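Please examine the sequence and the model shown below. The paragraphs that follow treat its salt bridges, its cavities and the pairing of some of its strands.

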Amino acid sequence: MKILNRILILTAASALLVTATPAEAQHYIGVRGGVGAGTARFEPTRETRFLGNMPSGGVSWKYYSAVPVAGAIQLDVEYIEKGFKILPWAHSDTSYQTRTQNIQVPLIWQPHLYLFNRNARVFLNLGVYASYMLSADTATVSKARGVLYQGDYPLQKVKDAQWGYGLTGGLGFSVLMGRWDLLVEARYNYGYSDLYRNPNKYPTNPTRSPIDQLDVTVGLYYRLGKGGIIEPPLRKKPKNLDSDFNSPAPASAPASKPTLTPSRP
């Protein structure tokens, strides 16, 4: 929880920094979509594997500041599937798969650097998220025999925790095309909340059951307002700034001897 609290404080402080110049700030709206893979961390430990081919997508809003390198604050509202595989033993042919369908809201600080004469950006995502599980389904799959069972999983409030939260972070790259911003990014969601309620409330539940998720997405954003990039370019150090002080002073020219000009009679 200490790490989560620190990330919350950092995100909040970054939001204050980014929004410190509202008169000059720029707003972007966009859409995102991609695919991911997930797993779970159980206590007591279970033999888990990543479960892939889980879609995600939604709408997004960014708020850019004129403060150099400070970047943006981003808020997403997205649909995301999460899940995991459990194997009865390490090299089992059969796996028990669980998928959950969720609405997730990440709040992200996004510092960045410009590249290629300010026609592209590389950025870092760092933030927190909250989610709500809408539904779930389970399947039993054999590598040799295929799908043995597949069906909806009825959520039980006494057993299943529908609200979730955690950390999110990753890297991305975007190309600027006038008022459009095309990006690709990889983001990892590290779960802090448990999928199943505490065993004190449901005795057969595990002690811990957070879900992690790795997503790769593409997005397209549109800048509101007609102005160009408001963040000033980073100042570069003059090339020969130090040489002016360290180089020896030029030698002075020798004084010329006075000459006498004969006067006219």
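Are D181 and R121 buried or exposed? D181 is buried, and R121 is buried as well, where buried means under 20% relative accessible area, exposed means over 50%, and partly exposed lies in between (1.4 Å probe, protein chains only). The model is predicted, so local features need pLDDT of at least 70 and side-chain atom pairs count only at pLDDT 80 or more, while totals for chains, interfaces and linings use all residues. Residues are numbered from 1 along each chain as its sequence is written, and side-chain values use heavy atoms, with hydrogens and water left out.

Side chains of opposite charge can pair when their charged atoms come close. A salt bridge is here a side-chain nitrogen of Lys or Arg within 4 Å of a carboxyl oxygen of Asp or Glu, and the structure holds nine of them. One of these joins D181 to R121, at 2.8 Å from N to O. This pair links distant parts of the chain, since D181 lies in strand β10 and R121 in strand β7 (residues 120-142), 60 residues apart. Helices (H or I, at least four residues) and strands (E, at least two) are DSSP runs, numbered from the N terminus.

Another salt bridge connects E185 with R32, their closest N and O atoms being 2.6 Å apart. E185 belongs to strand β10 (residues 180-191) and R32 to strand β1 (residues 26-40), so the pair ties together parts that are 153 residues apart in sequence. Both E185 and R32 are buried. By contrast, the salt bridge between E47 and R49 (3.0 Å, N to O) involves a partly exposed E47, at 32% relative accessibility, and a partly exposed R49, at 32% relative accessibility.

Rolling a probe the size of a water molecule over the atoms shows where empty space is left. A cavity is a set of points, on a 1 Å grid over the protein atoms alone, where a 1.4 Å probe fits but cannot get out; lining residues have an atom within 4 Å of a point. Grid points are joined across faces, edges and corners, and a volume is the space filled by probe spheres set on the points. The structure holds four cavities of 30 Å³ or more.

The largest cavity contains about 160 Å³ of space. Its lining has 18 residues, and K82, S131, G164, S193 and I211 are the closest to its centre. Two or more lining residues come from each of β5 (94-110), β7 and β9 (163-177).

The second largest cavity has a volume of about 90 Å³. Of its 14 lining residues, R32, E78, R187, D215 and T217 are the closest to the centre. Strand β3 gives the most to the lining, with three residues.

Strand β10 also shows two faces. D181, L183, E185, R187, N189 and G191 form the covered face, whereas W180, L182, V184, A186, Y188 and Y190 form the uncovered one. Strands pair if DSSP finds at least two bridges between them. β9 and β10 pair in the antiparallel sense over 12 bridges, with G166 opposite G191 in β10. Their hairpin has two residues between the strands, and G178 takes a positive phi near 65 degrees there. β10 and β11 are likewise antiparallel, over 11 bridges, and N189 has Q213 in β11 as its bridge partner.

Methods:
1 Å grid on protein atoms, 1.4 Å probe; cavity = no way out; pocket = protein on both sides within 12 Å on 5 of 7 lines; lining within 4 Å.
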